[in-house]
Amino acid sequence: MRTLETFPHEVQETEHLWIPMSDGTRLAARLWRPLSSDAEPVPGVLELIPYRQRDLTAQRDSIHHPYMAGHGYACLRVDLRGSGNSEGVLTDEYLDQELTDAEEILAWLAAQPWCSGRTGMMGISWGGFNALQVAARRPPSLGAIISCSSTDDRYTDDVHYMGGCLLTDNLSWASTMFAYNACPPDPAIVGEAWRTMWQDRLDGSGLWLETWLRHQRRDEYWKHGSVNEDYSAIDVPVMAVSGWADGYSNAVFRLLENLSSPVRGLIGPWSHKYPHLGEPGPAIGFLQEAVRWWDHWLKDARENGAMDRPALTIWMQDAAPPATTYVRRPGRWVGEATWPSENITPTRFPLGFYSIHAPGEEILHGDPRSVRSPLSVGQFAGKWCSYNAPPDMPYDQREEDGGSLVFTSRPLTETLELLGAPEVELDLSVDQPCAQLIVRLSDIGPGGEATRVSYGVLNLTHHHGADAPEDLVPGERRTARVQLNGLAQSFPPGHQLRLSVSTSYWPVVWPPPEPVRMTIHPRSSVLVLPVRPRPAQDTLPDFDEPEGAEPLQSTQLVAGAQDWRVSRNMVDLSGRLEVIKDLGTVRLEGIGLDVRRSAHETYGFVAGDVHSVRGETLWEVGFARGDWSARATTRTVLTSTATEFHVYAELDAWEGSERVHSQTWSTSIPRDHV
């Protein structure tokens, strides 16, 4: 990324300011704006998230907010109520209080003498979520949003549940917020009140994992904040952004299809990162795109090129060998003027005897086939969402296919390109009242290597809807339709397509209550692929190279460590996946603060025992300056029986060497068709 030292406008930074809420609570913020805005007011752009603008996101924020301020915007980065240095206690995601606070912040921003009265919201992940949710509430000053790596459906397509199946990222993410909520405010900002504020958080934030596990179907809890409940509520322009390695690319397609306001969709090869920091590459000049977007909608610069690219611009990925990380994914930029696109043809590929046949081909062999997958299927799946690229992407799927039913095409004779969401229709039966269906689509290279290009999971008890699960009738045949994640993939001649079907996918999703044997009738089953013929002139121009402001200076005091280890014990037949993300200790030079973060996740099982699965996360977060230090450690364990989930958690906090808080949780939650 090219860092810039000068901009069209000289930037003034206010390192800390308080924004008062109507109930007397003060929210902590950082502001960047042009010096000239005192005389020439500019639009405001808000990013509102709980990840601590003074320290944990300070370096990232310093790249994009000063950049946009230097191009004529007042950029406001606010800590959510109860996070960072803001007052209050944070007790869950996307509460009505959070959205009300956002409306008040926007009103405050619009009323400042250096603001033109027009505002935008932007953010990635949490900030992308609440940008959509606030837009649906129509605050008067809000003129446009940029929502990156977010979703319109908090149940079906978020970190908690996928296709009605419990994601283990639900445990991972709950544990992350468990640790973050235990972090103290900075005494340099809040003064002596820091101890009281910290203790309030330790006492009151709660165990979010328990809350999320008590809502195992799509009930009112998940409908709150899901903008797909009423797309018409959003009437401002939306830029929706994600990456193929991200967990949130599907929402881009749905927003394009369902919003009536102007929408631009952008999907690159990236993981869960802003595109100017995108991994895998190529990263792009996303901040230039953002400035053009704001100029177009908040400054009425209608002919500035912000709307010149197609409504959907995506990175069409070329074939690549399987790897847990990529520096750059080969491919090209292509676009569709509308979505759904008339250029896409849903094409039915019938299944046969372990085979995928050409459309319309007569199936001569296709006797029923059954599978009961071992718990080892899923060990090489990577994360549900690649949060930081290396090394959390799926590895060679041959490691998974031994415990799956596989259907493979003949080698392709010409290039096949897909854009959109594949779908599988399977004529099947199961031998248990609760079962899940996992399907994976892979690109098979000439050497047999298998690169997963998409997958989907479905809780089969949700056949009457995610809000009304119902036991299956063992042995009863039914047609199950599962939609895979959207993709843009080019398969070259000589490669093959493979569809893999399994009954479990641990540890991506939590296994069903009992092992399941699934029988599939291939002759009445089909793979539906979104085929996109390649026009003669198809490739779009590349984006600008990424730019940003100079990041805040930091020093690595203690080296970090990263590991992703799969192991099997052939004595007791146990298996184990360990994920270590230790960021070491970093000093933020500008404020003299040392920050320590470390996470260790372990997912285990014993072969043949579905009740042996166990997830455990350990977190440590610490802060130090001079003779002051504070740290917190958390431990969360999730296990299950056929009828219950069991949650055990620990939280400990220290000021210096003195432990000032210690708390444990132990609870059981009935399984609800999961």
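**In which loop is Arg138 found?** Arg138 is found in the loop between helix H3 (126-135) and strand S7 (142-148). The model shown is predicted: local features need pLDDT of at least 70, side-chain atom pairs count only at pLDDT 80 or more, and totals for chains, interfaces and linings use all residues. Residues are numbered from 1 along each chain as its sequence is written, and side-chain values use heavy atoms, with hydrogens and water left out.

Figure 1. Helices (H or I, at least four residues) and strands (E, at least two) are DSSP runs, numbered from the N terminus. Residues are called buried under 20% relative accessible area, exposed over 50% and partly exposed in between (1.4 Å probe, protein chains only). H3 is largely enclosed by the rest of the structure, because 10 of its 10 residues are buried. Among them are Trp126, Phe129, Leu132 and Val134. Arg138, by contrast, is partly exposed at 45% relative accessibility. Its phi is near 55°, a positive value in a residue other than glycine. Most residues other than glycine have a negative phi, and most peptide bonds are trans.

Figure 2. Tyr354 is not a glycine, yet its phi is positive, at about 55°. This residue is placed in the loop between strand S14 (345-350) and strand S15 (355-356), and it is partly exposed, with a relative accessible area of 37%. The peptide bond from Glu279 to Pro280 is cis, with omega near -5°. A cis peptide bond also joins Gly281 and Pro282, with omega about 10°.

Figure 3. On a 1 Å grid over the protein atoms alone, a cavity is a set of points where a 1.4 Å probe fits but cannot get out, and lining residues have an atom within 4 Å of a point. Grid points are joined across faces, edges and corners, and a volume is the space filled by probe spheres set on the points. A search of the whole structure gives eight cavities of 30 Å³ or more. The largest cavity holds about 460 Å³ of space. It is lined by 29 residues, of which Trp244, Ala245, Pro394, Arg452 and Val453 are the closest to its centre. Strand S21 (450-459) and strand S23 (487-491) each supply at least two residues of this lining, and S21 gives the most, with five residues. By class, the lining of the largest cavity has 15 nonpolar, 10 polar and four charged residues. In this division Ala, Val, Leu, Ile, Met, Phe, Trp, Tyr, Cys and Pro count as nonpolar, Asp, Glu, Lys and Arg as charged, and the others, Gly among them, as polar.

**Figure 4. The second largest pocket.** A pocket is an open set of grid points with protein on both sides within 12 Å along at least five of seven lines. The second largest pocket has a volume of about 610 Å³. Of its 28 lining residues, Thr156, Gly163, Val457, Leu458 and Gln483 are the closest to its centre. Helix H9 (250-258), S21 and strand S22 (478-483) are the elements that give two or more residues to the lining. S22 gives the most to this lining, with six residues. The lining of the second largest pocket divides into 10 nonpolar, 13 polar and five charged residues.

Figure 5. A salt bridge is a side-chain nitrogen of Lys or Arg within 4 Å of a carboxyl oxygen of Asp or Glu. By this rule the count comes to 58 salt bridges. The side chains of Asp61 and Arg77 form one of them (3.0 Å, N to O). Asp61 lies in helix H1 (residues 58-70) and Arg77 in strand S5 (residues 74-79), so this pair ties together parts that are 16 residues apart in sequence. Both Asp61 and Arg77 are buried. Arg77 also meets Asp79 in a salt bridge (3.6 Å, N to O), and Asp79 counts as buried at 0% relative accessibility. Arg254 forms a salt bridge with Asp152, the closest N and O atoms being 2.6 Å apart. Arg254 lies in helix H9 and Asp152 in the loop between S7 and strand S8 (161-162), so the pair ties together parts that are 102 residues apart in sequence. Arg254 is partly exposed, with a relative accessible area of 24%, whereas Asp152 is buried at 0%.
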